[in-house]
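Please look through the sequence and the structure shown here before reading on. The report that follows takes up a helix and then a ligand with its surroundings.

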Amino acid sequence: MPIIRNLGRAASQLLQSSGCGCGVSLVPVRAIGVSPRQVASDASFHSVTFSESGHPRVLITGGLGQLGVGLAKLLRKRFGKNNVILSDIRKPADNVFYSGPFIFADILDYKNLREIVVNNRITWLFHYSALLSAVGEANVPLARAVNITGLHNVLDIAAEHNLRLFVPSTIGAFGPTSPRDPTPDICIQRPRTIYGVSKVHAELMGEYYHYRYGLDFRCLRYPGIISADSQPGGGTTDYAVKIFHDAIKSGKFKCYLRPDTRLPMMYIDDCLKATLEVMEAPAEALTMRTYNINAMSFTPEELAQEVQKYVPELQVTYNVDQVRQAIADSWPMNFDDSNARRDWGWKHDYDLPELRGIQKLKPSSSYS
Ligand SMILES: NC(=O)c1ccc[n+]([C@@H]2O[C@H](COP(=O)([O-])OP(=O)(O)OC[C@H]3O[C@@H](n4cnc5c(N)ncnc54)[C@H](O)[C@@H]3O)[C@@H](O)[C@H]2O)c1
Ligand SMILES: C[C@@H](O)[C@H](N)C(=O)O
């Protein structure tokens with residue numbers, strides 16, 4: 001009889017401490033099972049040595065898209081190559097694979113993701129996996145799974161393992177009933193895309209986990225990002241990257257947005273700098289957990305004029321895509337990022353004229 005009583009007491013203590021649903025839990029704990037795919041900490045993708053240097057141990061999800069490789073490069077410079085693991089469900093190019101640790105990670109596979117975090121002693125997670133606005137509208141069920149179910153997995157793992165978590169949001173988290181010029185941090189958010197809906201959900205869930213479970217959640221709403229070395233993944237702002245490539249390749253650019261469509265934009269170096277800065281900001285400096293960041297704002301016509309200063313013969317035509325035009329028309333035209341500037345000293349380096357001066361983006365007139 002005493003044994004049964006002791007077992008009962010032990011079981012009830014265990015249940016109380018594990019947040020089983022019969023009391024108020026401190027972290028959202030899921031049922032633990034055996035993963036079909038075990039990833040050893042010294043798996044052959046690269047041997048990841050554990051750092052005792054006090055640097056964070058970083059995982060980037062969805063890292064093979066437009067932004068992840070650049071982020072890994074920046075973070076590796078700061079924290080050491082082997083402290084930053086890039087992950088995705090796609091096969092990396094040789095130069096990416098050999099530039100530092102890379103691992104397969106499907107954010108829809110909760111157990112596998114948890115093993116990666118545990119085996120590699122991850123302390124910071126940058127959650128970049130997503131389906132962007134245009135491809136999201138083309139496949140709503142997949143966008144819902146990746147952007148919402150995937151986020152839930154990441155949030156639970158981050159809370160369970162006490163990670164600092166960065167999730168990017170977007171200008172797309174606003175909609176036609178938001179103030180558009182400028183759009184402040186706090187205002188009505190009724191986006192009309194699955195991408196926008198999932199990003200508002202991510203902002204709210206992250207902030208909820210912060211207040212409810214103490215999760216160190218940090219989020220920036222990025223404008224459309226312009227990069228030279230990496231291709232955009234199917235968004236509404238992709239034209240602002242494509243124009244540089246097409247100017248070099250053919251001297252002809254066909255734009256899918258109207259010439260007067262004004263959207264907030266940012267050069268990738270500013271975007272990645274802001275991401276690192278907000279992650280390194282002291283918690284007491286952050287009066288909010290989700291911030292707008294801004295750099296410039298232009299229309300296709302204005303961008304074309306800038307590019308034509310280098311390639312005067314560039315021919316631009318307009319063939320409006322109704323889906324992407326409707327999305328762009330519902331998004332902010334200018335972004336108010338005064339809270340980020342006040343709280344953690346955000347300051348962008350690149351405006352439209354500087355963009356034109358960037359050697360990597362500068363089209364040479366080498367097309368034939
Ligand atoms: N690029 C921009 O202009 C921009 C602007 C605002 C916000 N953001 C946000 O920044 C983040 C990164 O953007 P990006 O432009 O690099 O996106 P991207 O579309 O180029 O890349 C997303 C990556 O997610 C990966 N992915 C898809 N399903 C996955 C899964 N199940 N598991 C793991 N990975 C999966 C894809 O393979 C892809 O490499 C996204 O969250 C995006 O919403 C980007
Ligand atoms: C703005 C951003 O979130 C992305 N580039 C998109 O257009 O979908």
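## The start and end of a helix

At the start of α6, a side-chain oxygen of asparagine 139 comes to within 3.2 Å of the backbone nitrogen of leucine 142; this is a polar contact, meaning a pair of N or O atoms within 3.5 Å, where within protein one must be able to donate a hydrogen and the other to accept it, and where residues adjacent in sequence count only if both atoms are side-chain atoms. The model is predicted, so local features need pLDDT of at least 70 and side-chain atom pairs count only at pLDDT 80 or more, while totals for chains, interfaces and linings use all residues. Residues are numbered from 1 along each chain as its sequence is written, chains are lettered from A and ligands numbered from 1 in the order in which they are written, and side-chain values use heavy atoms, with hydrogens and water left out.

Helix α6 covers residues 140–160 and spans 29 Å from its first C-alpha to its last, close to the 30 Å expected for its 21 residues, where the expected span is 1.5 Å times one less than the number of residues. After α6 comes asparagine 162, which has a positive phi, near 60°.

## The surroundings of ligand 1

Ligand 1 is surrounded by 26 residues, and Gln66, Asp88, Arg90, Asp106 and Tyr195 are the closest; a residue counts if one of its heavy atoms lies within 4 Å.

A polar side-chain atom of tyrosine 195 is 2.6 Å from an oxygen atom of ligand 1, and a polar backbone atom of leucine 67 lies 2.9 Å from an oxygen atom of the ligand.

Notes. Helices (H or I, at least four residues) and strands (E, at least two) are DSSP runs, numbered from the N terminus.
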